[in-house]
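Have the model open as you go.

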Amino acid sequence: MPNDPCDEAPGGVPAPGRPRRVTMQRQGPILVEGPVEVELEDGTTVVSDRFRVALCTCRRSRRYPWCDTSHRKRVPDPSGGAAGGRGRAAPDGSG
């Protein structure tokens, strides 16, 4: 059973051999049971010892790769087009 104390080693870390739980959300971060070590595209590694971390998938976070809920600040465009507001421009400059 998830979060059952017998499934965890001391310190709240999942016992060796137990799969790490990852929760996917349609419009939000990826939630990962911690602690975690994340390797970024440039080869650098960031570490979090929290019991659960939120990994940014929208790339708007100022704390990337950690989610800072910037995805919530997106304001829908009343014309039905792409979102406006505080969202970042597309990497190719088209947004």
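**Exercise 1.** Find how exposed R21 is, then describe its salt bridge with E33.

*Solution.* Step 1: R21 has 42% relative accessibility, so R21 counts as partly exposed (buried means under 20% relative accessible area, exposed over 50%, partly exposed in between, with a 1.4 Å probe and protein chains only). This is a predicted model, in which local features need pLDDT of at least 70, side-chain atom pairs count only at pLDDT 80 or more, and totals for chains, interfaces and linings use all residues. Residues are numbered from 1 along each chain as its sequence is written, and side-chain values use heavy atoms, leaving out hydrogens and water.

Step 1: E33, at 15%, counts as buried.

Step 2: The closest N and O atoms of R21 and E33 are 3.4 Å apart, which makes a salt bridge (a side-chain nitrogen of Lys or Arg within 4 Å of a carboxyl oxygen of Asp or Glu).

**Exercise 2.** Which residue forms a salt bridge with R59, and where do the two lie?

*Solution.* Step 1: The partner is E41, with closest N and O atoms 3.0 Å apart.

Step 1: R59 sits in the loop between β5 and β6 (74-75), and E41 in the loop between β3 and β4 (45-48), 18 residues apart (strands are DSSP runs of E, at least two residues, numbered from the N terminus).

Step 2: R59 is partly exposed at 43%, while E41 is exposed at 73%.

**Exercise 3.** Which residues does W66 touch, leaving out those up to four places away in sequence?

*Solution.* W66 contacts (heavy atoms within 4.5 Å) V36, V38, V46, V47, S48, V53, A54, L55, C56 and S61.

Key: Helix = DSSP H or I, 4+ residues; strand = E, 2+ residues; numbered from the N terminus.
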